[in-house]
Amino acid sequence: VNTSAVLGRATQANMEAEANDTLYVSPDRFKFAPGAAKAFCVVNGADGVVLAGSYNCLSATRNGVGDYTVRWSTVFSGTGYAVNLSPQVNTDNFSFRIASVAAGSVQLLGFDVLGSGLDITFHVTAFGDQ
């Protein structure tokens, strides 16, 4: 190991391009790594809307039965980011989907087996460029 070598600090562009392995990543720059989650939260539809254990989730709004909008604290650079939804309980009796994606928010929908709106608890994770 060459202890006299001094590593440079990775910039946001270095992180997003994943192009330079000779730079160090400081904790405040890790968020720029393409594979790092940029937001996560729990949207609790059973008790109204509650955010628990969240990161970069500004708020959640219940628009109606089974219809929620999650707003990001730091918006994404566009709508080309990925959102993963996971239900907190078994999915045999309901389904869920992403209704729309905007740079600053995502709209989530939950349905029962007949297609009616259903309040369920979602775990939401988002990956992309901010």
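Trainee: How many disulfides are there?

Mentor: The count comes to 0 disulfides. Keep in mind that this is a predicted model.

Trainee: And Cys41, buried or exposed?

Mentor: Cys41 has 3% relative accessibility, which is under the 20% cut-off, so Cys41 counts as buried. Cys57 is buried too, at a relative accessible area of 8%.

Trainee: Moving on to the core. Which residues touch the most other members of the largest nonpolar core?

Mentor: Val43, Val70, Trp72, Phe122 and Val124, out of 19 residues in that core. The elements giving two or more residues to this core are β3 (39-44), β5 (57-64), β6 (67-72), β7 (82-87), β9 (105-112) and β10 (121-127). Apart from it there is another core of 5 residues, including Ala10, Phe32, Ala33 and Ala36.

Trainee: Back to Phe122. What does Phe122 touch?

Mentor: Leaving out residues up to four places away in sequence, Phe122 touches Cys41, Val42, Val43, Tyr68, Leu85, Ser86, Phe96, Leu108, Leu109 and Gly110.

Trainee: New topic: what's the strand order in the open sheet of 4 strands?

Mentor: The order is β5-β6-β9-β8, and the pairing is antiparallel. β5 and β8 (94-102) are at the edges with a single partner strand each, so one side of each has no neighbour in the sheet. On average, neighbouring strands of this sheet are turned by 20° against each other, direction ignored.

Trainee: How many bridges between β6 and β9?

Mentor: 5 bridges, in the antiparallel sense. As for Asp67, its bridge partner in β9 is Leu109, and Leu109 is also among the residues that Phe122 touches.

Methods
Residues numbered from 1 in each chain as written. Predicted model: local features only at pLDDT ≥ 70, side-chain atom pairs only at ≥ 80, totals over all residues. Heavy atoms only, no water. Core = buried A, V, L, I, M, F, W, Y, C linked by side-chain atoms within 4.5 Å. Buried < 20%, exposed > 50% of the residue type's maximum accessible area, 1.4 Å probe, protein only. Contact = heavy atoms within 4.5 Å. Disulfide = S-S within 2.5 Å. Pairing = 2+ DSSP bridges. Axes fitted to C-alpha atoms, helices over the stretch in contact; angles between N-to-C directions.
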